[in-house]
Amino acid sequence: MVVSSALSLYSRSPSSVSITLYIVMFVVYALAQGHFVTTPYGLSVLLNNSIALAVGATSLTFVVLTGGFDLSLAGTVALTNTILSVAGFKGVGGALEALVVVCLVGAIVGTVNGLLVAYYKLQSIAVTLGTMIMTSGIALFMLNAPGGTVPDSIAYGLTGLLGPVPVAIIILVPFTAAATVLLNYTRFGIGVFAIGQDRAAARASGVNVEWTEFRAYLTAGIVAGLSGYLVSAETGTGDPRFDASFLLLAFAAVAIGGTSFRGGRGTVIGSVVGAGLLELIQKTLFAVGVSSFFTGMFEGALMILAVLVGSLGSMMAARRSAAS
Amino acid sequence: MTRVLAQRAVLGVFALTAVLFVLSGFIAPALLSGPSLRTIGVLSSFVIIASFGQGIVILSGGLDLSIGSIITLGGVLLGAWVPQSNVGLWWAVPAILVIGFAFGAFNGFGVTVLRIPAFVMTLATGIIVQSAVLEYTKGAPQATAAPQLIADLIDSKWWGIPIIIYFVFVFIVIASLLENMSSFGRLVHAIGANPKAGVVAGLRSNCVTIGCYAISGFCAALCGIVLLGFVGAPILSMGDPYTMDSIAAVVVGGSSILGGIGTFPGTVGGALFLGVLSNDMTALGMKAAWRTLIQGAIIVLALIVFRSLQSERRRSRSGGAMSAVKQILLSAREPAE
């Protein structure tokens, strides 16, 4: 009884594909790397690389669910990363101040995006392309070449261990939980799904389409700021240029997690696991000894595959839901 | 209605460019001199060539983010295959153009058959091409000079104007004809105006869309070839600015990012406007950061301006579905031009 209902839940969830693949991939990776992976340190290394991407993918999820695109993630990350590496925050207090700052920066970017897309009715790809370029430009003012140092409290604090547990998990679990609750159990979240599925119907049902869409971009912006915070923790240095690779991987994570680019269907968990999966694949390839030439080729091919796999999973899940 | 609007947009962009140009003369008289004009003309030429491909793709409702990488590929391959003495130019240039066309077609395939969103597909292809170039050159492209003929396009002049500008002028004429007068061009407009009609019409619309991306790849490769003449020796980042520059030129030139509206003359105007702006900023000694910031701001501003101009158009769009399908299907019976 429990098994059958669990199975039906599994087949109806769009993120089941990514979760399955992750488990499979993890086994492969563990075999390739040996015992190292199951130690807390090994686990933290794995997670540290994935967490920035996971948060970034979550940021995108909110926007993609409304049927839009948010390219400004890459710009917000560049800007917040640059700010953290030149502003000179110190210590734990500084780390907290920095957290507020990145959320503020993300909120500003998200507000601009939201106003132009939701209220001015401009196309999201174009607007977020513009804001991505602008934020990168602002970052270039602060730092005209990669450099600077991220405060130790952030770079070491977030990437280490708290006892036997990687700090990354302590961040990731509550974050994913909060984002999932926001998306699935609040009026805002339900409105986001509604807009993505059928804008006109959502409006007819009383959803304030503009306000909801605005908040989706605002949320995406704030979470993008958080992603930049984590990128800073991971790299320890600043880079004012927007990273197209990161953006591509974030979208791949969203796709492989089962969120449809048409909008209206998807999960936060899917994007988070999708991010982990992509990082895992890269690390496995590296562990097995594939040359770096293929990494670039692979990213591109992976992206294409991810969208295909994701849309397959989405289609399967949709069919199952319709049938039940 | 849309014709008039488009023409108005084109005139507007050229007028704006002229105004900016005159203004820059007040800031620094040197900006109006011959060498300055030549610089603007030559630098804009590259953007114009790349922007035609980008413009056709955007017209069909998509976006091409792989242009920069293909430009670099074109430049690097030409530098590697043809020494300064022009030996082998006759086969290398067509080969490179075909390669660009092929990568473009690959993009088109992903967008139509695999139904991958355009910006995702082209971004992926861009990264693939970039890493292929990186591997091919092992990080250090052969630092030979460009083939003499290509370099001559930039350096030699007829009546004081670099040859490349004549070349681009011919390019603009041919490209505009292709976009506005041919049945292919009409189909692109139709698909861009109503993508759902394209889906209904099926295979024919797929071929047209793939053609759009293939043309974009072709133009990017062409741009890379002539760009090598300007740059001298291929650099791995030579194509990078052109992805965003081409999008900016298309948007500023009045094409709707949604597709279906736009003209190449408008795009040319956009490219010239940005070229004058860029030249002014360089001459004033502004940091590169300003350029990036202003480019982004201009894209957003242009969107806002054109959106308010286009609000009438949107109301008449819903009636166009059936006529768009008809237009696509009817074109199948028209004789090719």
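Helices here are DSSP runs of H or I with at least four residues, numbered from the N terminus. By that count, Ala204(A) belongs to helix α10 of chain A, residues 199-204. The model is predicted, and the predictor assigns the complex an ipTM of 0.75 and a pTM of 0.81. In the contact between the two chains, 35 residues of chain A meet 36 residues of chain B.

**Contact between the chains**

- On the side of chain A that touches chain B, the elements giving two or more residues are α6 (124-142), α12 (244-256) and α14 (292-323) of chain A.
- Helix α6(A) supplies the largest share of that side, with 13 residues.
- By residue class, the side of chain A that touches chain B holds 24 nonpolar, nine polar and two charged residues.

**Nonpolar core**

- The largest nonpolar core has 194 residues, and the members touching the most others are Ala252(A) and Cys223(B).
- Helix α10 of chain B, residues 203-231, gives the most to this core, namely 17 residues.
- Beyond its neighbours within four places in sequence, Ala252(A) has contacts with Leu278(A), Leu302(A), Met303(A) and Ala306(A).
- As a general point, nonpolar side chains tend to be buried together in soluble globular proteins.

**Chain B overall**

- Chain B contains 14 helices and two strands.
- Of its 337 residues, 53% are buried.
- Among contacts in chain B with a separation of 6 or more, 82% are between residues 24 or more positions apart.

**Helix α5 of chain B and its flanks**

- Helix α5(B) covers residues 118-137, and at 1.5 Å a residue its 20 residues should span 28 Å; the end C-alpha atoms are 28 Å apart, so the two values agree.
- Of the 20 residues in α5(B), 15 are buried, so the helix is mostly covered by the cut-off of 20 or more other C-beta atoms within 10 Å.
- Lys138(B) follows α5(B) and has a positive phi, near 55°.
- Arg115(B) sits in the loop between α4 (89-112) and α5 of chain B.
- Although Arg115(B) is a residue other than glycine, its phi is positive, near 60°.
- Arg115(B) counts as partly exposed because it has 14 C-beta neighbours inside 10 Å.

- Lys121(A) lies in the loop between α5 (91-119) and α6 of chain A.
- Lys121(A) is not a glycine, yet its phi is positive at about 60°.
- With 12 other C-beta atoms within 10 Å, Lys121(A) is exposed, because the cut-off for exposed is 12 or fewer.
- Ala204(A), in helix α10 of chain A, has 9 other C-beta atoms within 10 Å and is therefore exposed.
- Ala204(A) and Ile190(A) are 14 residues apart along the chain, and their C-alpha atoms are separated by 14 Å.

**Confidence in chain B**

- Mean pLDDT for chain B is 80, with 88% of its residues at 70 or more.
- Where pLDDT is low, the predicted coordinates should not be read in detail.

Terms used:
Residues numbered from 1 in each chain as written. Chains lettered and ligands numbered in written order. Core = buried A, V, L, I, M, F, W, Y, C linked by C-beta atoms within 7 Å. Contact = placed C-beta atoms within 7 Å. Nonpolar A, V, L, I, M, F, W, Y, C, P; charged D, E, K, R; others polar. Expected span 1.5 Å × (residues − 1). pLDDT = per-residue confidence, 0-100.
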